[in-house]
Amino acid sequence: MRNPAKLHRYISIFNKSNDLLVSTVTLSSEEFEKIRLILGYGDNDPMYESYPVIGEALEQVSALLTGRLTRGNFDYFLDTDSQ
């Protein structure tokens, strides 16, 4: 099992019209866990992939991150990378 202190947890934001990365929003461990639950992923999911944040989940995540999530014509993904 990986050490959570060595993981970079974030939301990546991509422009829908050209698929370029616009920005990332770094998440605390607590924010990450809350978002994972919003998306319906539990402790048994190792979170090795990038998960889309869409629909009602996007609204909930945006409310959780109050003002930190750039809104617009973008695609959002919950990501984890080792540092």
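Accessible areas here come from the Shrake-Rupley method with a 1.4 Å probe, and for residues only the protein chains shown count as cover. By that method the protein exposes about 5,300 Å², of which carbon and sulfur atoms supply 50%. This is a predicted model, in which local features need pLDDT of at least 70 and side-chain atom pairs count only at pLDDT 80 or more, while totals for chains, interfaces and linings use all residues. Residues are numbered from 1 along each chain as its sequence is written, and side-chain values use heavy atoms, with hydrogens and water left out.

**Overall layout**

The protein has two helices and four strands. Helices (H or I, at least four residues) and strands (E, at least two) are DSSP runs, numbered from the N terminus. Read from the N terminus, the order is β-β-α-β-α-β. Of the 83 residues, 35% count as buried; buried means under 20% relative accessible area, exposed over 50%, and partly exposed in between (1.4 Å probe, protein chains only). Contact means heavy atoms within 4.5 Å. Among contacts between residues at least 6 apart in sequence, 61% join residues at least 24 apart.

In α1 (29-38), the residues Glu 31, Phe 32, Ile 35 and Arg 36 are buried. These four lie on the same side of α1, because they cover an arc of only 135° around the axis. The arc is that of the directions from the helix axis to the C-beta atoms. On the other side of α1, Glu 30 and Leu 37 are exposed. The cover over the buried residues of α1 includes β1, β2 (21-26), α2 and β4. After α1 comes Gly 40, with a positive phi near 90°.

In α2 (55-64), Ala 57, Leu 58, Val 61 and Ser 62 are buried. They too share one side of their helix, since their arc around the axis is only 135°. An α-helix has 3.6 residues a turn, so residues three or four places apart point the same way. Glu 56 and Ala 63 are exposed on the face of α2 turned away from its buried side. Among the elements that cover the buried residues of α2 are β1, α1 and β4.

**The nonpolar core**

A nonpolar core is a set of buried Ala, Val, Leu, Ile, Met, Phe, Trp, Tyr and Cys residues joined through side-chain atoms within 4.5 Å. The largest one has 17 residues, and those touching the most other members are Ile 11, Leu 27, Ile 35, Leu 69, Tyr 76 and Leu 78. Two or more residues of this core come from each of β1 (7-15), α1, α2 and β4 (74-82).

Leu 78 belongs to strand β4. Its relative accessible area is 0%, so Leu 78 is buried. Leu 78 and Leu 39 are 39 residues apart along the chain, and their C-alpha atoms are separated by 9.3 Å.

**Aromatic rings**

Rings of Phe, Tyr and Trp (its six-membered ring) pair if their centres lie within 6.5 Å; planes under 30 degrees apart count as stacked, over 60 as edge-to-face and the rest as tilted. The whole structure holds three aromatic pairs, two of which are described in the table.

| Pair | Type | Centre to centre | Angle between planes |
|---|---|---|---|
| Tyr 41 and Tyr 51 | tilted | 4.1 Å | 45° |
| Phe 74 and Tyr 76 | edge-to-face | 6.4 Å | 75° |

Tyr 41 counts as partly exposed because its relative accessibility is 25%, whereas Tyr 51 is buried at 12%. In the other pair, Phe 74 has 17% relative accessibility and so counts as buried. Tyr 76 is also buried, at 4%.

Another ring, that of Phe 32, has Arg 9 over its face, at 4.4 Å from the ring centre. A charge sits over a ring if NZ of Lys or CZ of Arg is within 6 Å of the ring centre and within 35 degrees of the ring normal.

**Arg 71**

Arg 71 is found in the loop between α2 and β4. With 39% relative accessibility, Arg 71 counts as partly exposed. Leaving aside residues up to four places away in sequence, Arg 71 touches Leu 58, Glu 59, Ser 62 and Tyr 76. Between Arg 71 and Leu 58, the separation is 13 residues in sequence and 9.8 Å in space, C-alpha to C-alpha.
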